[in-house]
Amino acid sequence: MNRATAKRLIERYFRQLTEGCGNSNCTNEFCASHSAFQPLDNNSAAAKSLELFKVNAKLCDYYPSVRSSTDASSQMGSKMSVDEFSDVHYLTEHTVCRILGFCEEEGDYAPLIRVIGRIFSNADALMKSFRKDELSVTNNLESLTSNDEKQRETSKKEDASTRAALPDETPNGLPDACELTVDIDAVRRVYDRLLSIDQVEAALVNALIYLTPNVELDLEYLDVYETSPDYLNIFIIVMENSNLHSPEYLEVALPQFCKAMSKLPLTALARLSKLWSTYDLPHIRRMMETFQQLITFTVVSNEYDTENLVNDNETVVAATQCLKIIFYASILGGEVDVEHNEEDEEDSESNELTLHELLGEERLYKKGPRVDPLEKELGVRPIDSIRPLIPFEDFVNDSLNDVIEMDKDFTFFKVNAETKFSFQSCPFILNMITKSQGLYYDNRIRMYSERRLTALYSMVQGQQPSPYLKLKVRRDHIIDDALVRLEMISMENPSDLKKQLFVEFEGEQGVDEGGVSKEFFQLVLEEIFNPDIGMFTYADDAHLFWFNSSSLENEAQYTLIGIVLGLAIYNNCILDVHFPMVVYRKLMGKRGTFLDLSDSHPVLHQSLKGLIDYTGSLEHDMVLTFQISHTDLFGNPILYNLKEQGDQIPVTKENRQKLDFEALEKTTEYDGGYSKDSQIIKDFWEIIHSFGEKQKRQFLQFTTGTDRAPVGGLAKLKMIIAKNGSDTDRLPTSHTCFNALLLPEYSSKEKLRERLLKAITYAKGFGML
């Protein structure tokens, strides 16, 4: 146990010995509220607190004191009311309404405040509160007002839509959010009533202050979530408090709560993110703004410098980690494309040590981006997001960015990640300037390291060291000179590209201290994107550049241009380049989809969308075929068939999605005893052709790993259907790498249909081999 945790526990024992827990019926002999307790002075209480801490003595639940504004008889009434509700060990909506009704009749909210304080300060009591199995009782309450009835109806609709929006299954075997036992709608209705009472607010604040240290200890040292997953209900219930962002909570209660939440295990964080992704936008935005406000409040309330880093502020760090849960919930709840990923190239492993490893620098040069554990647990990445619930820019906190010392933060990120928190592990909160600073430090360290390696190699080989990447170019031949030189370097010694760039214009005396390089890149870009060169086209409607499909340049030239752009970024030169987002998504390993056309080619996207949504007769009204045309560099038309003999195939309602299963049937091969004349194969194709669009795409996903047709249509797919035994209850399986479907010889067409539908519906992410 660390020093801060021990200190908090000792302080709690001290308050218990000096102030008591507030329960007049307390049975703890080490509590000032116990009837037989002998008062202690502060010195004696401090010594006794240390003794109790050493033996892990019992700590009482919290009963907030309530001052009565009435006479002695009223005080006696409050005493009776406490006794009356002492049997309440957890809360339901019905119980809260019953206590509220009693308090309104008596004109005194003391009983309610005591019960709220006692339940909300006790982890076990709060965890058992507002369970879904109480919903049937709640729905029959007659004590609610007509306004509450309307609110309930609205909440029912929201809850139904929430359940409908939940996926059938979760990645990595996570428990489904539907399995959470807390009745969120009931919690919201209760908060609506409680927060309208001024006296209750203080009880909720004090209870949260008392609750959270215990919760933090339970999570950090007792692994309570592993034994009781319903422990998560505590965080779900507290986060429904719409006043968490108010000043009363920002000082102590909310910071402590965030620290406790950050101690949740990874599976619990994923469940929270999964659940909150189903919330309506106002609710998830409120939670995001709550954590943002805490970060901003804490940052502006303190001063930071190179000695006092914001990375060491526990509140800011914990709130940022909590904000990450909302960030991924926003992604999950929006439009996501977890498919259409480029195949990862396997790097060949070698047992030989690299020079970086010999020098002890391997941590600085790990290949590939670091994968966030929560991202991996949820099976979704920010690059998979098409449109999140909350725009990414809303997660940026400018106040925090103003005080981050990026040189220190970068060191923590690269070297001390196990012991120090780096905000680069939560990049969603960083603005573009801060991220560029991190990139600058990363590039500079690589440059210096390459310089050291060059010097070392030169000493060993007895050669003159060349610490820079030198380019000598002529202004009037800048493209030819630069690309030829870079091509030679990339082929002969590609590691030289990691050196700092040094540009020299032939016949000029300028020394490159950064300015010459920037001028060089500016001139190169002007040439590369000149329409007369013909490598790129400019779309006036989208104000973006795109690759010219009619360019006379080969692929190697585009590779060299990519090297130029990479060198500019590596050498900290800002470029005025305008590509659509699909280019950057492609660089991050995502394949382009139809949705990307809305950004890169908006007119074409709108036309194709109109074609897909058209309800009239495509054959007679539009007279289209599967052939397109475009012009070459000289304005001559070029015709291109999207599929074999596409100019002879009219576009119809049936084939306008380009999922031509008739063509797939013609090209499918059979193995293991099946042929196109086998009865089960005939039944199989009848079933496939009867499927709707969604089921056909599910079949493609199951068999090939993607629901899209390849270039040239499904005729190019070359699917194989192989016999996988005689009649059985086993489901069909697939080898997606080979587009192979393993199909048992089922005894009837009905059984084949049932088994096939079940396989393609429930196998996503699990049943594919």
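D223 is partly exposed, with a relative accessible area of 43% (buried means under 20% relative accessible area, exposed over 50% and partly exposed in between, with a 1.4 Å probe and protein chains only). The structure is a predicted model, in which local features need pLDDT of at least 70 and side-chain atom pairs count only at pLDDT 80 or more, while totals for chains, interfaces and linings use all residues. Residues are numbered from 1 along each chain as its sequence is written, and side-chain values use heavy atoms, with hydrogens and water left out.

The position of D223 is the loop between α10 (198–221) and α11 (224–227) (helices, H or I of at least four residues, and strands, E of at least two, are DSSP runs numbered from the N terminus). Its phi is near 50°, which is a positive value in a residue other than glycine. A positive phi, of about 65°, is also found at N572, again not a glycine. N572 is located in the loop between α25 and α26 (581–587) and, at 40% relative accessibility, counts as partly exposed. N572 and Q437 are separated by 135 residues in sequence, yet their C-alpha atoms are 9.4 Å apart in space. Q437 belongs to helix α22 (residues 432–461), and its relative accessibility of 34% places it among partly exposed residues.

For the protein chain as a whole, 33 helices and 12 strands are found. Of its 769 residues, 44% are buried. Where contacts in the chain join residues at least 6 apart in sequence, 70% of them join residues at least 24 apart (contact means heavy atoms within 4.5 Å). Helix α9 (residues 184–194) is mostly covered, with 10 of its 11 residues buried. The buried residues of α9 include the charged-name positions D185, R188, R189 and R193, as well as I184, A186, V187, V190, Y191 and L194.

Two helix pairs were examined. Two packed helices are described by the angle between their axes and the distance between the axes. Axes are lines fitted to C-alpha atoms, for helices over the stretch in contact, and angles run from 0 to 180 degrees between N-to-C directions. Helix α4 (residues 93–106) packs against helix α5 (residues 110–120) at an angle of about 150°, and their axes are 8 Å apart. α4 is therefore roughly antiparallel to α5 (angles under 35 degrees count as roughly parallel, over 145 as roughly antiparallel, 65 to 115 as roughly perpendicular and the rest as oblique). On the α4 side the contact involves I99, L100, F102 and C103, which meet P111, L112 and V115 of α5. By class, this contact of α4 with α5 holds 7 nonpolar residues, no polar and no charged ones (Ala, Val, Leu, Ile, Met, Phe, Trp, Tyr, Cys and Pro count as nonpolar, Asp, Glu, Lys and Arg as charged, and the others, Gly among them, as polar).

In the second pair, the axes of helix α15 (residues 266–276) and helix α17 (residues 314–333) cross at roughly 45° and come within 8 Å. The two helices are therefore oblique to each other. The crossing of α15 past α17 is right-handed (left-handed if the near helix is turned anticlockwise from the far one by less than a right angle, right-handed if clockwise). L269, L272, S273, K274 and W276 of α15 make the contact with I325, I326, Y328, A329 and L332 of α17. These residues of the α15 contact with α17 divide into 8 nonpolar, 1 polar and 1 charged.

Aromatic rings were searched across the whole structure, giving 26 aromatic pairs (rings of Phe, Tyr and Trp, the last by its six-membered ring, pair if their centres lie within 6.5 Å; planes under 30 degrees apart count as stacked, over 60 as edge-to-face and the rest as tilted). One of the pairs is F536 with Y558, which is edge-to-face, at 5.8 Å centre to centre and 80° between the planes. F536 lies in strand β5 (residues 536–539) and Y558 in helix α25 (residues 555–570), so the pair ties together parts that are 22 residues apart in sequence. F536 is buried, at a relative accessible area of 5%, whereas Y558, at 21% relative accessibility, counts as partly exposed. Both F536 and Y558 belong to one aromatic cluster that also contains F529, Y538, F545, W546, F547 and F579.

A further buried residue is L501, at 5% relative accessibility. L501 lies in strand β4 (residues 500–505). From L501 to G514 the separation is 13 residues in sequence and 8.7 Å in space, C-alpha to C-alpha.
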